[in-house]
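Visitor: Please take me through one part of this model in detail. I would like the charged pairs first, then whatever surrounds them.

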Amino acid sequence: MQSDRELVGAVRAGDRPAFAELVRRHQRAVVATAWRVTGEYHSAHDVAQDAFVSAYRHLDGLRDGAAFGGWILKIAQRLAWRVRRRHPQLAELRDGDEPAARDECRPFDDALNDVVLAVARLPEQERTVVALRYFEGHSVHAVAEITGRPLGTVTKQLSRAHRRLRAWLAEVET
């Protein structure tokens, strides 16, 4: 399995299927990030598509291909906030007119928002390994291969991220 750094290099050399692999690898995390901001399924998918188009167009501006995961999440978040500002009714759509359905989903929505916000606060390297491991569902070994980092480094970064996330989410609960 190629690392993000290798895939970015391949895309820069004209290999379009390499970009398709980057999209496949990061799509869930990008959609989740956009959904957290917009609160609306279709808008989140539109934002994700726009984020990948923007990333493709500006890939030469990315200094380190290994940072692609965190970079694409930042692009998605920025675009999602732009959509949210232009369409403030998205927040209203999320609440809807059906209080029973809203109440059933609210604890999940709030918890997901808290987790995504906490992950977004992580340092870039930790955010990338967490996104690959838990949003994308890759094994720790695969995360090491994707990022081009030693397995021990990835496990240490995940461990540090877990500690930070536990502490931040405990603060949210209180």
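Is Asp 64 buried, partly exposed or exposed?

Guide: Asp 64 is partly exposed, at 33% relative accessible area. The scale is simple: buried is under 20% relative accessible area, exposed is over 50%, and partly exposed is in between (1.4 Å probe, protein chains only). One caution before going on: this is a predicted model, with local features needing pLDDT of at least 70 and side-chain atom pairs pLDDT 80 or more, while totals for chains, interfaces and linings use all residues. Numbering runs from 1 along each chain as its sequence is written, and side-chain values use heavy atoms, with hydrogens and water left out.

Now the partner of Asp 64. Its side chain meets that of Arg 5 in a salt bridge, 2.8 Å from N to O. Arg 5 has 41% relative accessibility and so counts as partly exposed.

A second salt bridge joins Asp 60 and Arg 12, with the closest N and O atoms 3.9 Å apart. Asp 60 lies in the loop between helix 3 and helix 4, and Arg 12 lies in helix 1, so this pair ties together parts 48 residues apart in sequence. Asp 60 is exposed, at 68% relative accessible area. Arg 12 is partly exposed, at 38%.

What does helix 1 pack against? Helix 1 (residues 4-12) packs on helix 2 (residues 16-38). Their axes are 8 Å apart, at an angle of about 140°. (Axes are lines fitted to C-alpha atoms over the stretch in contact, and angles run from 0 to 180 degrees between N-to-C directions.) The crossing of helix 1 and helix 2 is left-handed, that is, the near helix is turned anticlockwise from the far one by less than a right angle. From helix 1, the contact uses Asp 4, Leu 7, Val 8, Ala 10 and Val 11. From helix 2, it uses Ala 18, Phe 19, Glu 21, Leu 22, Arg 25 and His 26. Contact means heavy atoms within 4.5 Å. By class, this contact has 7 nonpolar, 1 polar and 3 charged residues. (Ala, Val, Leu, Ile, Met, Phe, Trp, Tyr, Cys and Pro count as nonpolar; Asp, Glu, Lys and Arg as charged; the others, Gly among them, as polar.)

Glu 21 also has a salt bridge, to Arg 24, at 2.5 Å from N to O. The two are 3 residues apart in helix 2, which means they are separated by about one helical turn. An α-helix has 3.6 residues a turn, so residues three or four places apart point the same way. Glu 21 is partly exposed, at 23%. Arg 24 is partly exposed too, at 46%. Asp 4, Glu 21, Arg 24 and Arg 25 are linked in a network of salt bridges. The structure holds 6 salt bridges.

The buried residues of helix 8 are Ala 142, Val 143, Ala 144, Ile 146 and Thr 147. Just after helix 8, Gly 148 takes a positive phi of about 75°.

Helix 7 (residues 124-135) holds Arg 127. Arg 127 has 9% relative accessibility and therefore counts as buried. Its side chain reaches the backbone oxygen of Leu 122 at 2.9 Å. Leaving aside neighbours within four places in sequence, Arg 127 is in contact with Gly 70, Lys 74, Val 119, Ala 120 and Leu 122.

Last, the setting. The chain has 9 helices and 0 strands. (Both are DSSP runs numbered from the N terminus: helices are H or I, at least four residues, and strands are E, at least two.) Buried residues make up 43% of its 174 residues. Of the contacts with a separation of 6 or more, 64% are between residues 24 or more positions apart.

Note on methods:
Polar contact = N/O pair within 3.5 Å; in protein donor to acceptor, adjacent residues only side chain to side chain. Salt bridge = Lys/Arg side-chain N within 4 Å of Asp/Glu carboxyl O.
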